[in-house]
Amino acid sequence: MFRNLIWMFVLSCSSVADENSIRGADIFPSSPEIERGSSLELSCVLRKSYMPQRNASHIIWKLNDELIAPENYNIVNETVCNITIHNFTYSTAYVKCFMKYLDKELPLVHTEVKSGFRPDMPENISCIYFYDVNLTCTWNAGRETSFTTNYTLYRKLMTSPDAVRSCWNTTESCSFLYPYNDYSNDFCFQVEAKNVLGASSTECVPISLQKIEKFAPPEILSVKRIPGIKQLLTVTWKMPEKIIPLKHIICQVQYRNLYSNFTEFVNVSLNSKKNIGSYNLTGLWDSTDYSVAIRCVNNESTFWSGWSGEKNESTEEKASGKVDLWRVIESSRSSRNRSVHLMWKTLKSFPPSGRILGYKIRYFPEKKAAHKRTHNSSEQKMTLFLNEEAHIISVTAYNSAGESPEAILRIPSTDEKSSQMIEKVVTSTTNEEVVVQWITSEPETTKYVVEWYEELDMDPFGRSWQHVSNSTKWKNNKKNFKPFVCYNILVYPLYGSNVGAPSYTQIYAQEKKPSEGPVADTGVLGKNEVTIKWNEISKAKRNGFITNYTIFYKSEDGKELHETVNSDVLQYRLKSLQANTQYTVQIMASNKAGGTIGEPKTFKTLKLDKEDIFFIAIPVEISILCLIGLWITCVLKKHVFKKVCWPDIPNPEESLAVEWPLASSVNNSFLKRMSSQMKTVDFEDINVLEYCFPEESQEGSLLINYENCVSECTIINTKGTTNRDETILHNKENKTAKNFPPSMPYIITDQFTRNQMHLALTPVKEVQPIEVVANDICGSQQNPVKNEENDDEEVLKLEDFSEKTLFNPYLKNSVKTREFLVSESSPEHSMDECKSQSSVLSPIKPNAPEQSYITVDMFRLAKALLSQPARTN
């Protein structure tokens, strides 16, 4: 048991090692190569180290890691196990031998098996003989054998079979080099092919060396034209040296017209003894370049030599044909110096003209042919500076044979106006061509010039042009136009040497969408609308005609909207927008091939638009204007407003009627007497009449009525007085009344009454109501003698009346009625008379806005007037 474990350990260790390193058995054959489709037999032989634990019955076989069925096994003895694989079709396969032990497969040995085919018999032997150089033969080997095949070429002399030379190679070609390439017409050639599976060979094939001779190309010595002889070239060449002698040679001359790329061949016979050959090529075109090459062959051989190197030459020249002349007149501010750009090209002709050496440009004023000028140029363009006159210009090309016919153009004067003969030009494109058609108003015109150039190309010499005759349609290949580039196309009518006014159009031979989109900008912003502006895309990036613009706009949280406008519109007003909202706008420019969107632009609508601001601003402006107008009115009419709102009240101290005593004492005897007569008279009951003047009619009636009242009282209460006193008193009263203006409501009384009023109303600034005055008047009338006696005493007391007043004489208390306060102690008839007198003042309306006030000045004025001595008439 212990020994078995050791054995298993050894086998396990050996299995870890590389499988190829295990040599516990041998396999035979070690590297088999068999014919494909045959049977493969192999043997696996165990070594003695496996005995006696294991034997051949434990061997298993695998083909490319796939187990081979046990029925293909053959146990020869305890150490040998054979296997047979029928119909082996693998080109390469691995067969492995394993030892199976305790459910494990221990590799013993393996081998690589290759399969292939026997070589086929070579076919189609062909040889080429290079005299005194080499003899090379080639053949067809047939199918691939998958094994290395060696080929042997045998050259046998038919007259002596033992005279054999051979060469071998692994490819399908073999050569006999000098000096082993003897010349003889009695050789035969045989090829043998051999590999590990077998060999095959051809029969000996006889080949004549004259028929397989091939020599080196001849060398062209010269190609020349003969002076004075047109349409002819002479070709001279030299033959190679290594040629089979005494054989007839044929050479082939090839000449090719470089202008039309037309090729012709001519055969020339030579004797091999002549090393130099020559031939004249005739019937050629004048002034045309030709390319010449030569090859030769033995007249019995099937192999031509290679072509010699080409040589070029031109035939005898002739005068060039008329050039195709055109012009571009550059407008100038100064008509005395115009830039006329001339350009021309040679016309293709068959045969073509000769080699042009230069050009002659002649020009002169149309009406001054003697002033002709000439310029030479090697280029096909020139700029002339002409004045305002019409000029005739001609261009000719010259070469060694002479000058070409003149190409003439007339340059009109600056004041000439060409009529518009071409009414309309229409362009279109097809898959291969650009088509231009036009309509003319002059059917007699049959010649036109079509001019085209890139719109952004400012070089006048970069223009292309082509003449059109007897047609109003022109076609050109698209290859002559750059894709995605705008071309200007002009069609000029021709009549003689004059050029009419052109008609203009544009075209793109091929379009693609613009390279960039327009950049949006915002114009006038509003509350619900905005003006979007953009600039045209640069012409270099349009790549086609712009067909329309699409405005895409979107609010922050809204869906995207769009508006489409024509290509000539570069601004658009977006309406129905939300106020105070941010929007994103983009402009897409489109042509026939597609559209490209420009960079986004954001903007935000306003909270208020102009109309809102207008409606807000108008009332404010009107209010401001009203305030300004009111202020101006107040400034201009301030005295009126002051008089109405703050009327002037006379200041007693500034009065000139009487002198205002600075200090006087007041004797209250008068007030006490008044109090005793009226029982109780409080200062609170004294009212100042409102300063409301009645109308003039009322003032007059008031004055008259009051005078009547006074007169009556005087008559009644002055009985017993003398007539002289009445006359004097009456005269004084009349004079006093006359001194008062009719608008002043002063009350005129007799002298005693005035004295009482003076005592009551002067400097003390006390205002006695009219009723008190009336009562006092009436009282005085009852006691005239007493009042006269005490008059001087009262006056003296008034002079001592103090300025210490009990109330302000300017206080105005409104009275609703003007009534005299009547003392209760007065006689009854006096009260009645006074009542009748007070009724005179009834016309004054209470609370009337124009009701007058009686002020102290009025009484002071009355006193002043009464105190004057009476004047006798």
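The model is predicted. Helices α2 and α3 pack at an angle of about 80 degrees, and Asn 257 is buried. Most residues other than glycine have a negative phi, and most peptide bonds are trans; the backbone entries below concern exceptions to these patterns.

**Helix packing**
- Helix α2 spans residues 610-636 and helix α3 spans residues 638-645, with their axes 4 Å apart.
- Angles of 65 to 115 degrees count as roughly perpendicular, and α2 and α3 are therefore roughly perpendicular to each other.
- On the α2 side, Thr 633, Cys 634, Val 635 and Leu 636 make the contact, while α3 contributes Lys 638, His 639 and Phe 641.
- By class, four nonpolar, two polar and one charged residues form this contact.

**Asn 257**
- Asn 257 lies in strand β20, residues 248-257.
- Its relative accessible area is 3%, so Asn 257 falls under the 20% limit for a buried residue.
- Leaving aside residues up to four places away in sequence, Asn 257 touches Phe 262, Trp 285, Thr 288, Asp 289 and Tyr 290.

**Cis peptide bonds**
- Phe 28 and Pro 29 are joined by a cis peptide bond with omega of about -10 degrees; Pro 29 sits in the loop between β1 and β2.
- Tyr 178 and Pro 179 are also joined by a cis peptide bond, with omega of about 15 degrees; Pro 179 sits in the loop between β14 and β15.

- Asn 87, in the loop between β7 and β8, has a positive phi of about 50 degrees.
- Ser 576, in the loop between β45 and β46, has a positive phi near 60 degrees.
- Ser 576 is exposed, with a relative accessible area of 72%.

Conventions:
Residues are numbered from 1 along each chain as its sequence is written. This is a predicted model: local features need pLDDT of at least 70, side-chain atom pairs count only at pLDDT 80 or more; totals for chains, interfaces and linings use all residues. Side-chain values use heavy atoms; hydrogens and water are left out. Axes are lines fitted to C-alpha atoms, for helices over the stretch in contact, and angles run from 0 to 180 degrees between N-to-C directions. Helices (H or I, at least four residues) and strands (E, at least two) are DSSP runs, numbered from the N terminus. Angles under 35 degrees count as roughly parallel, over 145 as roughly antiparallel, 65 to 115 as roughly perpendicular and the rest as oblique. Contact means heavy atoms within 4.5 Å. Ala, Val, Leu, Ile, Met, Phe, Trp, Tyr, Cys and Pro count as nonpolar, Asp, Glu, Lys and Arg as charged, and the others, Gly among them, as polar. Buried means under 20% relative accessible area, exposed over 50%, partly exposed in between (1.4 Å probe, protein chains only).
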